[in-house]
Number of protein chains: 2
Amino acid sequence: MSAFGNHTSEKPRIIRSSDQMRNFVRNQQADGNRVGVVPTMGALHAGHLSLVQASTDQCDCTVVTIFINPTQFGPGEDFQKYPRTLESDLGALSHYGVSALFVPEVEVMYPPGHATSIDVGQVSRLCEGVRRTTHFQGVATVVMKLFQIIPANCAFFGQKDYQQTLVIRRMVEDLNVPVQIVVCPIVRESDGLALSSRNVYLSADQRRQALSLSRALRHGRDLFAGGELDAKKIVSTMRRVIDEASGDIMPDYLILADPLTLEESAEANQETIALVAAQVGATRLIDNHVLSHPWLEPLV
Amino acid sequence: MSAFGNHTSEKPRIIRSSDQMRNFVRNQQADGNRVGVVPTMGALHAGHLSLVQASTDQCDCTVVTIFINPTQFGPGEDFQKYPRTLESDLGALSHYGVSALFVPEVEVMYPPGHATSIDVGQVSRLCEGVRRTTHFQGVATVVMKLFQIIPANCAFFGQKDYQQTLVIRRMVEDLNVPVQIVVCPIVRESDGLALSSRNVYLSADQRRQALSLSRALRHGRDLFAGGELDAKKIVSTMRRVIDEASGDIMPDYLILADPLTLEESAEANQETIALVAAQVGATRLIDNHVLSHPWLEPLV
């Protein structure tokens, strides 16, 4: 240990076995430490790091998981090409006082014979669930597995994957999982683009087009702030913003919805959330904004 | 506390709230106690009590749950008439040193909005799963909920519901639930009838007919002990035993199967299990026996 040893610049301990991981967490808790977990698929960006920061702020011990979960990718999706950047992820985490990094192999998570899946019902069928029919079963199942391996007090997820946070909240409540779910705000580039590990797929031109998603959300927010409540009018303005940016982006969905059920709203209120998804070239992008919330200054 | 206070003749503490239940278990474990749980639907008989005995033998603290789980009953099944006998259940448990009895209301387990279910795949589709298509989803989901509310070290189930034990083992392994599953032998009446809370539905005549199920299993066992390995021959003998008892009982299934997958076996071996299900009047009965196991002297 260096005389200049600084806990917060040490690399986290890497753990690859489930039993070791669970014992680590239990020992921390037996010592009275509150444990936070940040489940990720790696390719860490400032959005993930804001979750890590929230966990280290709120908990005594933070575990980050990196697992590119095959069961949440559909046929033809980007499981194979999803960015794998463990070395730089480790470097990024070294400044955050992360205690452990759980990096299981696929065979550890899904040994031969694995057959169980979790379905959370209606909230997983809408929006992303329409085209990605098995996506949220994959998400719910792997997150439940992680919660059993890492019985943390708190788990941190990003608002960027808003429907995912609903799916996980539903599952945690329905299955009585004793973990507190914390959802952290979207982190955006200075021009408004929501951070995503998939942004690296975008060409310069696609990236410019992709900006129209966040621009549309901000326009929707501004209309609502100006007193407009008619969802049809707000949505058609938002759609025009996207159309004007490029004829190439066809939103998969662009809706104002109830923030708990994701059912489309006819009239906006303080809780209404705007959600958008679009294919930009081969890249699927999603973004969202609660209409009544301020458009935050970008954090990066 | 009486000078003659005897722990094992005290009634267990009744707990109806999930949070209280979880705290109770955690406090026990914090004191270094190993906790066992025996999930039941009440209407306790000597089969259940053998599970309780196994738990009190192997654990420092035993929790029994009584919850008639609506989601594991199909339409037209006996949810409404299922025997509810809390007072006598409490009396029966008072002799076993049970620490707590978890008796949640349906609204505690399934509050409005509950939407999550767990599917364990192929092993839940065969045998009982063929006709009772949502039964094992109901079982898996409620058992997972109970394991989150009661994070026990050990959980005790009866071999009588053999497929259920496979479903639960599959779920526990696949979802990484840190609980040890213990399966205890079938308890039979002196004439061989496997104990079941549903036996109370049987008329005297039906009860006599129902005996043919265990008699068939014993015949199958005897044939195997005598060297017969041909599954077809063993099954046809077993079927004849049932046919001779009564033309009224038509087995729903009567098979020799692999004990892990429940796939039908063409040839019997040391692991092969014989499984039978039949409707006796309005009452569905199931029974099973591992062919290589001795036919135990009845325990009651």
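Let's start in the core. The largest nonpolar core has 163 residues, and A:Ile150, A:Val276, B:Ile150 and B:Val276 touch the most other members. Keep in mind that this is a predicted model.

Take one of those four, B:Val276. What is B:Val276 in contact with, leaving aside its neighbours within four places in sequence? The partners are B:Leu213, B:Ala216, B:Leu217, B:Pro251, B:Leu254, B:Ile286, B:Asp287 and B:Asn288. As a general point, nonpolar side chains tend to be buried together in soluble globular proteins.

Next, a helix pair in chain B. Helix H6 covers residues 135–149, and helix H7 covers residues 162–174. They pack at an angle of about 50°, and their axes are 10 Å apart. That angle makes H6(B) oblique to H7(B). The crossing is right-handed.

Which residues make the contact? From H6(B), we have B:Phe136, B:Val139, B:Ala140, B:Val143 and B:Met144. From H7(B), we have B:Gln164, B:Val167, B:Ile168 and B:Met171. By class, that is eight nonpolar residues, one polar and no charged ones.

Now the contact between the chains. Chain B gives 22 residues, and chain A gives 22 residues. Where on chain B do they come from? Four elements of chain B each give two or more residues: helix H1 (18–30), strand S5 (117–119), H6 and H7. H6(B) has the largest share, with four residues.

Key. Residues numbered from 1 in each chain as written. Chains lettered and ligands numbered in written order. Predicted model: local features only at pLDDT ≥ 70, side-chain atom pairs only at ≥ 80, totals over all residues. Core = buried A, V, L, I, M, F, W, Y, C linked by C-beta atoms within 7 Å. Buried ≥ 20, exposed ≤ 12 C-beta atoms within 10 Å, placed from the backbone. Contact = placed C-beta atoms within 7 Å. Axes fitted to C-alpha atoms, helices over the stretch in contact; angles between N-to-C directions. Parallel < 35°, antiparallel > 145°, perpendicular 65-115°, else oblique. Left-handed = near helix turned anticlockwise from the far one by under 90°. Nonpolar A, V, L, I, M, F, W, Y, C, P; charged D, E, K, R; others polar.
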